[in-house]
Amino acid sequence: MAKMWAGRFKKETDRLVNEFNASVSVDSRLYREDIEGSMAHAAMLARQGIISEEDGEAIQAGLKSILKDMEEGKITLSPELYEDIHMANEQLLTERIGDAGKRLHTARSRNDQVALDMRLYVRKEIGEIISLVLQFMEVLCDQAADHLETVMPGYTHLQRAQPITFAHHLMAYANMFKRDVRRLEDCLEGMDEMPLGCGALAGTTYPIDREFVAKELGFSAVTDNSLDGVSDRDYCMELCSCLSILMVHLSRLSEEVVLWCSWEFKFAELDDAFSTGSSIMPQKKNPDVCELIRGKTGRVFGDLQTLLVMMKGLPLAYNKDMQEDKEAVFDAIDTVKICLKVFAPMFATMTVIPENMRAAAKKGFLNATDCADYLTKKGVPFRDAYKASGTLVAICIEKGETLDTLPLEVYRQVCPVFEEDVYRAVDLNACVRERKSLGGPAPEEVARQLEKIRGFLKEKEGKVFS
């Protein structure tokens with residue numbers, strides 16, 4: 001089949017070049033966006049008198065019939081027949097309505113056409129990803145609400161450090177995902193410009209109405225420079241950057257779940273429906289979902305790197321290198337969506353084991369700082385109190401005791417300021433309850449944090465992110 005751009009050429013394109021150049025197997029997922037953009041463009045052409053109303057109506061009807069057949073799987077987009085989705089839709093249209101179909105491409109180029117299609121697609125997908133993140137934040141809030149009083153160790157360097165609650169831990173992740181939502185919203189706002197009408201790079205001599213097309217397609221503005229309009233892929237890089245950070249957060253939480261489900265921690269157990277077994281070891285219950293998310297995180301990082309390297313040396317305006325944007329963007333979007341879709345129900349059905357969390361918190365002298373704070377509140381300089389508390393920890397280790405069980409006389413040998421009330425100060429529940437500073441783990445303070453996150457979710461409820 002002759003290429004739609006074949007007038008300049010005297011020879012057929014080499015078969016290998018055809019295969020190498022074709023992108024329809026990748027960009028075919030843009031069929032809906034391509035048709036929506038083409039319908040808006042055709043409506044504008046007819047409205048401006050650039051094509052006749054009759055041709056405009058024929059184009060609209062033809063595109064609607066193609067969209068219907070695409071949705072019903074009646075059209076096969078083969079690389080042997082079509083170079084890309086843009087040419088495929090135009091060829092199909094011309095086959096169905098004749099010469100009127102050949103007028104659709106008036107006053108546009110594939111360069112601004114694909115720029116539009118990608119923006120429409122990315123806009124829709126960002127909305128879906130935001131919705132998935134918000135749904136997962138709901139899961140975190142539900143789990144946190146059940147564990148405001150569940151004491152567990154807080155860690156630094158993966159060493160037990162200070163007592164917190166499981167709810168406090170989950171609210172840390174809720175705040176991470178809240179930032180992810182805001183980054184994605186910023187990305188949406190930044191890309192809310194319509195590039196159609198930029199032509200190949202220098203606009204057009206036809207009296208087009210770009211603002212009309214922008215309004216038809218739900219954009220708040222048009223791109224202000226035709227060179228930039230066709231060559232801008234900042235929003236693709238920004239999206240993949242946002243998704244990479246989102247995957248960092250999912251990966252960190254996945255790593256924690258892997259640890260929590262190990263026998264060494266046993267703070268939680270995954271539901272059987274979200275675990276796998278071993279082909280040889282019958283006792284195994286593996287957190288494969290979490291491990292796969294950790295692995296897929298690197299894949300999304302790679303997608304971002306692909307875009308950065310692809311764009312870094314390109315002169316204005318369009319270059320064929322930019323065809324490679326789609327695989328990276330599509331893969332990052334697909335990967336993040338499947339990770340969120342599987343992680344949310346896995347986390348919702350996870351069984352938390354509070355008694356094991358508390359048992360771990362009792363070990364490792366997590367209340368040593370509280371012991372030092374006890375002395376400072378009685379007038380002992382912090383550095384002296386710090387040394388005394390460290391000395392008591394060393395004694396406990398030597399004697400096989402904890403700060404809860406160490407006799408008062410031993411306390412007083414180290415520092416005579418200690419009184420009977422030290423035992424209340426180093427009680428784990430008291431340690432947590434007294435940490436009422438803004439952002440701390442005290443139950444009432446975590447309840448405030450939880451309410452704030454729920455308020456954020458309520459604010460987003462029913463909002464259309466596109």
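**Labels and the values behind them**

Reply: Strand S1 (residues 151-156) and strand S2 (residues 159-165) pair in the antiparallel sense, with six bridges between them. The model is a predicted one, in which local features need pLDDT of at least 70 and side-chain atom pairs count only at pLDDT 80 or more, while totals for chains, interfaces and linings use all residues. Residues are numbered from 1 along each chain as its sequence is written, and side-chain values use heavy atoms, with hydrogens and water left out.

Me: What makes S1 and S2 a pair of strands?

Reply: Helices (H or I, at least four residues) and strands (E, at least two) are DSSP runs, numbered from the N terminus, and two strands pair if DSSP finds at least two bridges between them. S1 and S2 have six bridges, so by the rule of at least two they count as paired. Within this pairing, Val-151 stands opposite Thr-165 in S2. The hairpin of S1 and S2 has two residues between the strands, and His-157 takes a positive phi near 55° there.

Me: How do you know how many disulfides there are?

Reply: A disulfide is a pair of cysteine sulfur atoms within 2.5 Å, and by this rule the count is zero. For Cys-187, the closest cysteine sulfur belongs to Cys-242 and is 5.1 Å away, which is too far for a bond. For Cys-290, the closest cysteine sulfur is that of Cys-261, and at 6.7 Å it is also too far for a bond.

Me: Why is Cys-187 called buried?

Reply: Buried means under 20% relative accessible area, exposed means over 50%, and partly exposed lies in between (1.4 Å probe, protein chains only). Cys-187 has 0% relative accessibility and therefore counts as buried. Cys-290 is buried as well, because its relative accessible area is 0%.

Me: What makes the contact of Asp-325 and Arg-233 a salt bridge?

Reply: A salt bridge is a side-chain nitrogen of Lys or Arg within 4 Å of a carboxyl oxygen of Asp or Glu. The N to O distance between the side chains of Asp-325 and Arg-233 is 2.8 Å, and they meet in a salt bridge. This pair links distant parts of the chain, 92 residues apart, with Asp-325 in helix H13 (residues 325-348) and Arg-233 in the loop between helix H10 (226-231) and helix H11 (234-261). Asp-325 is buried, at a relative accessible area of 0%, and Arg-233 is buried, also at 0%. The structure holds 32 salt bridges.

Me: Why is Arg-299 called partly exposed, and what does Arg-299 form with Asp-331?

Reply: Arg-299 forms a salt bridge with Asp-331, where the closest N and O atoms are 2.7 Å apart. Because Arg-299 lies in helix H12 (residues 288-311) and Asp-331 in helix H13, the pair ties together parts that are 32 residues apart in sequence. Arg-299 has a relative accessible area of 43%, so the term partly exposed applies, whereas Asp-331, at 16%, is buried.

Me: How do you know that the span of helix H7 (residues 110-145) agrees with its number of residues?

Reply: The expected span of a helix is 1.5 Å times one less than its number of residues. For the 36 residues of H7 this should give 52 Å, and the end C-alpha atoms are 52 Å apart, so the two values agree. Of these 36 residues, 28 are buried, which means that H7 is largely enclosed by the rest of the structure.

Me: What makes Arg-123 a residue without a salt bridge?

Reply: Arg-123, which is in helix H7, is buried and has no salt bridge, as the nearest side chain of opposite charge, Asp-192, is 4.7 Å away. Here Lys and Arg count as positive and Asp and Glu as negative, while His and the chain ends are not counted. A polar atom of the Arg-123 side chain does lie 2.7 Å from the backbone oxygen of Leu-217.

Me: Which value of phi does Ala-107 have, and why is Ala-107 called buried?

Reply: Ala-107, a residue other than glycine, has a positive phi near 65°. Ala-107 lies in the loop between helix H6 (99-102) and H7, and its relative accessible area is 10%, so Ala-107 is buried.

Note on methods. Polar contact = N/O pair within 3.5 Å; in protein donor to acceptor, adjacent residues only side chain to side chain.
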